[in-house]
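I set out to record what I looked up in this structure, entry by entry. The entries follow the order in which I consulted the model.

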Amino acid sequence: MPRYLRNLIIALIVIGVLYGLDFVFQGRLINPYYSRILMLCGISITLAVSLNLINGFTGQFSIGHAGFMAVGAYSSAYFSVTYGMNLANSLGGGKLGWVVALTLATIVGSIAAGIAGLAVGIPSLRLKGDYLAIVTLGFGQIIVVFLNNIEAIGGARGYSGIPIVKSFFWIFLIAILTIVIVYNIVNSAFGRALISIREDELAAEAMGVNTTRYKVMAFVISSAMAGAGGVLLAHFDGYLNPKSFEFIKSFEILIMIILGGLGSIVGSVLGAIVLTILPEGLRGFAEYRMVIYSLLLIILMITRPQGLLGSTAAFAGLRKRIKRMTEGPSGTASSATQSETSIGGENPR
Amino acid sequence: MSTFLQQLINGISLGAIYSLIALGYTMVYGVLKLINFAHGDVYMVGAFMGYYLANGLGQRGAQAIGLSADGLIARGLLGGGTLEPSLITALVVMLLAMAICAALGVIIERLAYRPVRKYSRLTALITAIGVSLLLENGGQVVFGAEPKFFPELFTKRNIDLVGGASITSADIIVLIIALVLMVVLQLIVYRTKTGRAMRAVSFNLQSAKLMGINTDRIIAFTFALGSALAAAAGVLVAMRIPRIDPLMGILVGLKAFVAAVLGGIGNIPGAMLGGLLIGITETMVVGYLNPTYKDAVAFAILILILLFRPSGLLGTVAQEKV
């Protein structure tokens, strides 16, 4: 079976399953509290996997992911409020109209976040070292200051009246798309360039990789996907508040990928799920929750700097086996080995 | 003109505080190449140590003149100072807070940073964020999340200057103490053996080790020095603006870091200059433009600096050797 045909079939099956599940959720067969948490997991997965592209695979350190999420969320919300609702109604107000309007909103949000990523990435990624960390941190702060002061989008009161689309289908479609995009990037020539930058930037440059260009590209893609996550959040409750995009949010996403292991997509997904459900379970200890979090993080860094599921040998073996199973014996030779080397592990130098 | 002069005075006073914090960032970056995110929170702890010391000393002092302890505790909880305001107590409070925070800095370095030093810098950076969050959230649990009001350590006076501007006695004390601390730091770094070792370590850690310098001790000393300066800044800030809370270190810490980058990270005079520039720009924006954007100023400066002069105003471009 040709590759594209197989991929097409898989895509159709995934969409079908999602659509079916969507009915289950729409029909309220599941406790709305649980389905809400599940959908929040989907949003977290989008954010975590996209952050992993820049932090885990490219080895650059961005800690302002919530800022890009905010750009995506607010721009798409503004689009939906001013144009999207009219558009959906003029298309009959039915399902088709909303699919078009929401798709456009997602594109608007992603592009806006991508542009923000370009603006932040170009000055900071020309330089080696920790500059990206501090610039993204600063960007996250500036965005919150601005959001608090722009009256057209609600200012500090928050932005309400955004059309609500609580769709399991939509959220998980974006989440799966993010995973597929990141997976394909990582397993391409582009991805190999990114990983070479992570392993040794100087050596990569010497081998002819245009490091700045690749770093900026990865960063823009990552920001755009964070923007898509923001779009989902904006339309999830129909209300946005600048407070939900402060530094602590970026940090939550960061912990997800560190817990799961930098440079591991499966790890990011698991980290996102665990850290979305865990706070619900820890509601009783709200006061000590962050203390425990931060202590765990320090201990994790000291004892297992590559994260819980960081690409360890055991894990790479499992991945290879899955690859062999899905590609069959005549499949092309395994090319998954490049992601086995771990980031955050022992520095070779 | 009077607005300008007034904002300049406020800016220099604020800038002196940023400089003190920026020095800690720049020294630690110099020896370890680590952005010590927890530094801003050490500054917060310094302010709280000052608060508790001031109230504690105040009680002791009041007991000596025969007041009941119960009434004093109640007054202490209300945030009212029970202290005989004097410059000496202010100095004692500050020096004790500096000593406590120096110890805290050494403990942080020993328990959190030293074990991850052998891993990549990314690991160290994440650990630093972890420590920062631990101090912030631990602070909320230990000190309480609601803001506290620093007791008045000396009577505040306004002194009128020429041109219609005025300066408070708190500002004068902040400036004098900051100046003295910076001179002392210069003397330590450039005139003592330990200071020479510090400079050697920041020049090249491996070679310094080969030359027989006990690098672990020097790194710990650097943390102690930086944390003490941050604590001094915390107490000084609390003297100017008495409202303190466990999250006060986040934004100030970030701005001080920007100041360190502006001056050229790793460069001690650069940190002082950067702090002053950030402080003055910020108060000018408050005075002439929109005060709501004052928190965005430092980061706008940061992005400009990275675009046009990434090594900072006084920094030198490091040659990369393979």
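**Entry 1. Overall make-up.** I began with burial in chain B: of its 322 residues, 52% are buried. The model is a predicted one, and I kept that in view throughout. I then listed the secondary structure of chain B and found 12 helices and 4 strands. For contacts in chain B between residues at least 6 apart in sequence, I noted that 77% join residues at least 24 apart.

I looked up the corresponding values for chain A. Chain A has 13 helices and 2 strands, and 48% of its 349 residues count as buried. Of the contacts in chain A with a separation of 6 or more, 81% are between residues 24 or more positions apart.

**Entry 2. Confidence.** I recorded an ipTM of 0.80 and a pTM of 0.79 from the predictor for the complex. The average pLDDT of chain B is 84, and 89% of the residues score at least 70. Where in chain B is confidence lowest, and where is it highest? I found the lowest mean, 44, in helix 3 (residues 69-77) of chain B, and the highest, 93, in helix 9 (residues 215-240) of chain B. Over residues 64-83 of chain B the pLDDT stays under 50, although the model has 29 contacts beyond four places in sequence for them.

**Entry 3. The side of chain B that touches chain A.** I noted that 33 residues of chain B contact 33 residues of chain A. At least two residues each come from helix 4 (87-116), helix 5 (121-142), helix 10 and helix 12 (294-308) of chain B. Helix 5 of chain B supplies the largest share, 13 residues.

**Entry 4. Gly40(B).** I next examined Gly40(B), which lies in helix 2 (residues 39-64) of chain B. Is Gly40(B) buried or exposed? Gly40(B) counts as buried because it has 28 C-beta neighbours inside 10 Å. I followed Gly40(B) to Gly253(B): the two are 213 residues apart in sequence, yet their C-alpha atoms are 3.9 Å apart in space. Beyond its neighbours within four places in sequence, Gly40(B) has contacts that include Ile21(B), Gly249(B), Val252(B) and Ala256(B).

**Entry 5. Helix 10 against helix 11, chain B.** I looked up the packing of helix 10 (residues 248-263) of chain B on helix 11 (residues 268-288) of chain B; their axes come within 7 Å and cross at roughly 120°. Helix 10 of chain B is therefore oblique to helix 11 of chain B. I recorded the crossing of these two helices as right-handed. Residues of helix 10 of chain B that meet helix 11 of chain B include Ala256(B), Ala259(B) and Gly263(B), and those on the helix 11 side include Gly270(B), Gly274(B) and Ile278(B). By class, this contact has 9 nonpolar, 4 polar and 1 charged residues.

**Entry 6. Helix 10 against helix 12, chain B.** I found the axes of helix 10 of chain B and helix 12 of chain B 10 Å apart, at an angle of about 30°. Helix 10 of chain B is therefore roughly parallel to helix 12 of chain B. Their crossing is left-handed. Among the residues making the contact are Leu251(B), Lys255(B) and Val258(B) of helix 10 of chain B, and Asp295(B), Phe299(B) and Leu302(B) of helix 12 of chain B. I counted by class 9 nonpolar, no polar and 2 charged residues in the contact of helix 10 of chain B with helix 12 of chain B.

Notes
Residues are numbered from 1 along each chain as its sequence is written. Chains are lettered from A and ligands numbered from 1 in the order in which they are written. This is a predicted model: local features need pLDDT of at least 70, side-chain atom pairs count only at pLDDT 80 or more; totals for chains, interfaces and linings use all residues. Axes are lines fitted to C-alpha atoms, for helices over the stretch in contact, and angles run from 0 to 180 degrees between N-to-C directions. Angles under 35 degrees count as roughly parallel, over 145 as roughly antiparallel, 65 to 115 as roughly perpendicular and the rest as oblique. A crossing is left-handed if the near helix is turned anticlockwise from the far one by less than a right angle, and right-handed if clockwise. Two residues are in contact if their C-beta atoms, placed from the backbone, lie within 7 Å. Ala, Val, Leu, Ile, Met, Phe, Trp, Tyr, Cys and Pro count as nonpolar, Asp, Glu, Lys and Arg as charged, and the others, Gly among them, as polar. pLDDT is the predictor's confidence in each residue, from 0 to 100. A residue is buried if 20 or more other C-beta atoms lie within 10 Å of its own, exposed if 12 or fewer, and partly exposed in between; C-beta atoms are placed from the backbone.
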